[in-house]
Amino acid sequence: MAIPGLGTIAGALRRRWKLLTVLGALFVTYTAAGFFLVPYLARHYIQQYVEKDLGRHVSIGDLTFNPFSLTVEVRNFALTEADGSPIASFDLFRVNAEFRSLVYRAWTFKEIRLDKPSLRVLVNADGTLNLAKLKPAATEPALAPEPAGPAAIPALRVRSEEHTSELQS
């Protein structure tokens, strides 16, 4: 016994198979790029920047990105001086952006979370801080930025757990 309307649906699918194939391929590409390519490139460029531009070492335990929820997570991050002494670390850093960020071109977040952050601040003999060395040298004089409206960051939940800091002189 034939199901009424099934032939009509099958015919419509046959006529639109190219469109469905292209949409499926785009979905698979977006998914693969989001879950695999974005974390790989982010880890690569973070390590390259820290080691080449800042002259420090960085360790990233795990870096993930979910393209469907727009969530990035960095686990077991450690930034150290060239000699291996610690500068900063954390167990988990999670940023969960909302899709309306893309539509309204304003940063909107569901959550920003930082677990067990640790920061070591040293005052050098000349009175400068060890953190000041993290700023790369300017290659050209900075121009005064044009005035812009305030950044739109509505409804934000920020959470930090078990933080430590150390100040030495």
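In the predicted model, strand β3 is joined to strand β4 (residues 109-115) by 6 bridges, and the two strands run antiparallel. Within this pairing, Arg94 has Arg113 of β4 as its bridge partner. Strand β3, which spans residues 86-97, also pairs with β2 in the antiparallel sense, here over 9 bridges. In that pairing, Thr71 is found opposite Asn96 of β3. The strands β2 and β3 form a hairpin in which 5 residues lie between them. Gly84, located in the turn, has a positive phi of about 100°. A further antiparallel pairing connects β3 with strand β5 (residues 118-122) over 2 bridges; in this case Ala88 stands opposite Leu119 of β5.

Aromatic contacts were examined next. A pair of aromatic rings is described by the distance of the centres and the angle of the planes. The count of aromatic pairs comes to 6. In the pair made by Phe35 and Phe68, the ring centres are 5.9 Å apart and the planes stand at 55°; because an angle over 60 degrees would be needed for edge-to-face and one under 30 degrees for stacked, the pair is classed as tilted. This pair links distant parts of the chain, its two members being 33 residues apart. Phe35 belongs to helix α2 (residues 17-53), whereas Phe68 lies in the loop between β1 (57-66) and β2 (71-80). Phe35 has a relative accessible area of 33% and is therefore partly exposed, since this class falls between the limits of 20% and 50%. Phe68, with a relative accessible area of 37%, is likewise partly exposed. Phe35 and Phe68 also belong to one aromatic cluster, which they form together with Phe27 and Tyr30.

Terms used: Residues numbered from 1 in each chain as written. Predicted model: local features only at pLDDT ≥ 70, side-chain atom pairs only at ≥ 80, totals over all residues. Heavy atoms only, no water. Phe/Tyr/Trp six-rings, centres within 6.5 Å; stacked < 30°, edge-to-face > 60°. Helix = DSSP H or I, 4+ residues; strand = E, 2+ residues; numbered from the N terminus. Buried < 20%, exposed > 50% of the residue type's maximum accessible area, 1.4 Å probe, protein only. Pairing = 2+ DSSP bridges.
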